[in-house]
Amino acid sequence: MPPQARPPLGDPADTGTVANEPVGTGPGATAWPDRMLPLLRTPTAARPLLPEPLGAHRPGPAELAAVLDLALLVGELLLASGEAAEDVEAAMLAVARAYGVHPCDPQVTFTRVAVSCRPGPSEPPLTAERSVRRPSGDYARLAVLFRLVTAISAGGIDVDEAHRRLAAGLLGGHRYPGWLVALSCGLLAGAATVLVGGRTDARAALVFTSAFVAAMVGDRLAVLVARHDLPEFYQFVLAATPAALIGILLSFNGLHLRGSAVITGGLYALLPGWRLVAAAQEGLAGFYLTAAARMVEALYLMTGVVIGVTAVLYVGINHGADLAARDFPVGASNPPLQLVAAVLVSLAFAVMLNTEPGALPAVMLNSTAGWTTYGVLVGAGRQPIAAAALAAGLVGLSGQVLARHRGSSALPHVTAALGPLLPGSVLYFALLAFVRGDAEAGLRGMAQACAMAMALAIGVNLGREAARLCLPAPAPVPAPAPAPVLAPAPVLAPPPVLAPAPAVRRRARRGRHRR
């Protein structure tokens with residue numbers, strides 16, 4: 001149902017927040033997510049209005065249009081950077097209320113952001129919208145946008161200055177060179193083989209190297225396809241074939257190498273485990289249309305992986321290849337080594353998502369806490385799905401604590417930290433069962449993968465809500481001078497990130513297939 005129709009969870013005025021004060025000057029301006037979420041979950045007609053100071057200049061149509069354009073641009077870039085729909089709406093609402101534009105109603109779906117405002121009872125409403133094409137994870141850009149919204153909420157920045165800061169902050173581009181991102185892709189695949197196998201012998205080293213090479217080759221093939229502006233679906237088809245081919249070749253030797261581990265590792269960055277988790281999170285927040293769109297996207301990309309792998313697996317299995325379908329990744333055969341592998345998976349995942357370097361230690365710390373919790377619970381005999389939910393709850397809570405400490409979004413601290421727990425290997429074994437003709441085992445594996453994704457989403461969501469309700473808000477920054485009177489701002493052309501140069505487009509396409 002649309003956001004304005006969601007049942008209210010309580011009036012912000014009753015929760016101890018200063019909802020009746022201007023967001024830009026009241027205490028706790030740095031905690032805008034905590035302030036905006038209760039407002040967002042309240043019907044539009046029931047939201048408290050900002051007070052009108054005596055003699056204040058009421059924004060005219062041009063000024064309102066400038067503010068709405070800024071809110072739309074911030075929302076579009078946040079959604080394109082991987083932020084959840086509810087958090088995008090909260091940021092847009094914070095920007096609009098910081099400039100005194102109210103009542104304001106943001107609307108976000110998977111590929112569209114819109115905002116509407118009614119200046120007065122006798123004035124026509126203003127509505128504007130933007131489309132988001134091919135959203136992809138870029139957490140460095142997400143951090144820039146989060147800091148900008150925090151500065152706007154604190155007051156003292158007019159619309160023109162906000163546009164200038166936005167354009168300047170987005171010029172940094174990728175924080176890591178292309179060769180390091182490619183190596184991270186290979187490292188993620190190799191570490192995933194250790195995570196599944198937990199061995200340290202010479203065979204494990206050969207499996208690690210094979211998965212590393214397969215992921216690198218798949219990455220280069222995907223980049224080649226992306227240069228011709230083909231859809232992401234075909235990138236996944238080609239990127240999936242090297243891992244399957246190398247895994248089949250390894251299974252034909254007499255060394256009893258685990259070809260399934262090579263395929264699992266090589267496909268770890270391709271199988272859309274995180275997309276399933278994101279879809280479940282959107283559904284939990286009440287954004288059912290966006291949740292359905294994310295689920296359909298995950299299914300299409302999974303189909304691309306299936307097409308790329310099935311042909312190779314079919315030929316290999318029909319010629320006697322042993323892919324060890326019995327090795328199901330649930331146990332902990334070497335906990336210390338698997339913990340190191342889990343941290344490496346999270347680190348490589350964070351680099352591939354263009355996470356800021358300063359956040360990498362926090363990501364590794366959160367990953368250690370999550371995987372240790374999962375390993376201890378599974379070792380104690382708990383079900384993997386229940387253990388994953390509890391571990392995800394801890395990751396979500398600690399991610400919120402780290403984000404509040406750093407004054408940033410929690411998404412970079414949570415997504416990569418959950419990398420080792422994503423149901424990528426479960427999806428692979430379900431796929432392998434289908435190839436072997438065992439439809440019952442394949443459906444059972446797909447159901448377990450969906451259950452794992454739902455458990456992770458519920459855990460992260462509960463950790464977030466617990467942090468919002470129980471943790472104190474960050475210390476407010478001293479309020480600056482009153483915000484200047486709104487000046488009409490021209491509708492600026494989209495910043496360079498929305499209309500990138502050819503070289504930038506190539507780098508962006510190269511990273512999309514890895515999620």
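Reply: Helices (H or I, at least four residues) are DSSP runs, numbered from the N terminus. This is a predicted model, in which local features need pLDDT of at least 70 and side-chain atom pairs count only at pLDDT 80 or more, while totals for chains, interfaces and linings use all residues. Residues are numbered from 1 along each chain as its sequence is written, and side-chain values use heavy atoms, with hydrogens and water left out.

Me: In which helix is the place of Glu 282, and how far apart are the end C-alpha atoms of that helix?

Reply: Glu 282 has its place in helix 10. The expected span of a helix is 1.5 Å times one less than its number of residues, so the 12 residues of helix 10 (residues 273-284) should span 16 Å, and this agrees with end C-alpha atoms that are 17 Å apart.

Me: Is Glu 282 buried or exposed?

Reply: Buried means under 20% relative accessible area, exposed over 50%, and partly exposed in between, with a 1.4 Å probe and protein chains only. Helix 10 is mostly covered, since 10 of its 12 residues are buried. Glu 282 has a relative accessibility of 3%, and therefore it counts as buried.

Me: Which residue meets the side chain of Glu 282 in a salt bridge?

Reply: A salt bridge is a side-chain nitrogen of Lys or Arg within 4 Å of a carboxyl oxygen of Asp or Glu. Contact means heavy atoms within 4.5 Å, and the contacts of Glu 282, leaving aside neighbours within four places in sequence, include Glu 86, Phe 287 and Arg 294. The N to O distance of the bridge is 3.2 Å, and the pair ties together helix 10 and helix 11 (residues 288-318), parts that are 12 residues apart in sequence. The partner is Arg 294.

Me: How many residues apart are Arg 464 and Glu 86?

Reply: These two form a salt bridge, with the closest N and O atoms 3.7 Å apart. The pair links distant parts of the chain, Arg 464 in helix 17 (residues 439-470) and Glu 86 in helix 3 (residues 85-98), and the separation is 378 residues.

Notes:
Helix = DSSP H or I, 4+ residues; strand = E, 2+ residues; numbered from the N terminus.
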